[in-house]
Amino acid sequence: MNTALIFAGGSGTRMNTTGLPKQFLKVNDKPIIIHTIDFFEENPDIDAICVVCIEDYIDYFKKCLKKFNIEKVKVVVPGGKDGQESIYNGLKALHELYGDQEDTIVLIHDGVRPLINTQLISDNIACVKKHGTAITVAPASETIITVTETKNVSGTVERSRCFLARAPQGYYLKDIYGCHLKALEEDRHDFIDSASMMMNYEKKLHIIDGPSQNIKITKPEDFYIFRAILQAKENEQIMGI
């Protein structure tokens with residue numbers, strides 16, 4: 001069983017929007033969250049999707065699912081007070097549905113990271129089956145420096161060894177859910193993402209290259225980049241490039 005957990009429980013304060021949360025902003029009359037889900041919906045390797053959504057927008061989101069003919073979303077759960085709790089809510093729902101299957105895989109992905117492709121999803125699943133984990137990355141394209149507490153440059157890091165952690169991140173459901181349960185037992189709520197949590201509990205992480213444009217839409221300029229890339233791709237189809 002291959003599942004996806006799409007989390008879109010944040011309000012997106014850095015987008016400076018006064019209306020809809022960023023995941024529901026529309027590009028080509030389709031919400032960003034639906035652009036993202038489409039790749040998982042269309043991928044034959046994905047069997048089921050769980051979405052973590054802002055509680056006040058769950059009804060609105062379900063209407064979007066119906067409007068855009070999304071059928072693989074089996075459960076929608078409310079987000080938590082932070083990203084870690086939101087992901088836990090989704091993992092718990094998936095565990096209740098598919099936790100009895102030892103080989104259930106879950107791909108954890110940002111609802112506002114729509115510039116992926118269906119091959120990346122399949123590659124993540126294959127990597128989990130082979131190595132147990134899959135962390136989508138992009139190589140660092142600029143010089144990485146380290147600084148002191150007084151903001152003085154203390155050194156540089158070899159760029160060839162530096163990567164940006166992105167998404168999807170793939171795991172066996174039993175492994176990542178188990179790590180979340182351990183974190184709750186230890187009253188740990190400070191993990192920045194699933195990869196850092198897995199590393200803390202001594203799980204080996206394997207990377208997989210993702211597309212360079214696989215950005216997370218966090219700020220207004222990210223939205224404009226997404227819109228421009230989408231328009232460019234559509235023009236290529238129209239012109240037959």
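How many residues of the lining of the second largest pocket are nonpolar, how many polar and how many charged? The lining divides into six nonpolar, three polar and five charged residues. In this count Ala, Val, Leu, Ile, Met, Phe, Trp, Tyr, Cys and Pro are nonpolar, Asp, Glu, Lys and Arg are charged, and the others, Gly among them, are polar.

Before the tour begins, note that this is a predicted model, in which local features need pLDDT of at least 70 and side-chain atom pairs count only at pLDDT 80 or more, while totals for chains, interfaces and linings use all residues. Residues are numbered from 1 along each chain as its sequence is written, and side-chain values use heavy atoms, with hydrogens and water left out.

**Stop 1: the second largest pocket**

Select His35, Phe39, Leu230, Lys233 and Glu234, which lie nearest the centre of this pocket among its 14 lining residues. A pocket is an open set of points on a 1 Å grid over the protein atoms alone, with protein on both sides within 12 Å along at least five of seven lines; lining residues have an atom within 4 Å of a point. The space in this pocket is about 270 Å³, a volume being the space filled by probe spheres set on the points, which are joined across faces, edges and corners. Next, colour helix 1 and helix 7 (220-239), each of which supplies at least two residues of the lining. Helix 7 gives the largest share, five residues. Helices (H or I, at least four residues) and strands (E, at least two) are DSSP runs, numbered from the N terminus.

**Stop 2: helix 2**

Now select residues 58-67, which form helix 2, and highlight its buried residues Ile58, Phe61, Cys64 and Leu65. Buried means under 20% relative accessible area, exposed over 50%, and partly exposed in between (1.4 Å probe, protein chains only). Turn to the face directed away from the buried side to find the exposed residues Asp59, Lys63, Lys66 and Lys67. The packing partners of the buried residues are strand 3 (30-31), helix 1 (32-42), strand 4 (48-53) and strand 5 (73-78), where contact means heavy atoms within 4.5 Å. Just after helix 2, select Asn69, which has a positive phi of about 55 degrees.

**Stop 3: salt bridges**

The whole structure holds seven salt bridges, each being a side-chain nitrogen of Lys or Arg within 4 Å of a carboxyl oxygen of Asp or Glu. Select Asp38 and Lys30, whose closest N and O atoms are 2.7 Å apart. Asp38 is buried, at 13% relative accessibility. Move to Asp190 and Arg188, which form a salt bridge at 2.8 Å, N to O. Asp190 is exposed at 52%, whereas Arg188 is partly exposed at 25%. Finally, show Asp110, Arg113 and Lys216, which a network of salt bridges links.

**Stop 4: the largest cavity**

Which residues line the largest cavity? Select His95, Tyr98, Gly99, Gln101, Glu102, Thr104, Leu173 and Lys174. Helix 3 (83-98) and helix 5 (173-185) are the elements that give two or more residues to this lining. A cavity is a set of points where a 1.4 Å probe fits but cannot get out, and the space in this one is about 30 Å³.
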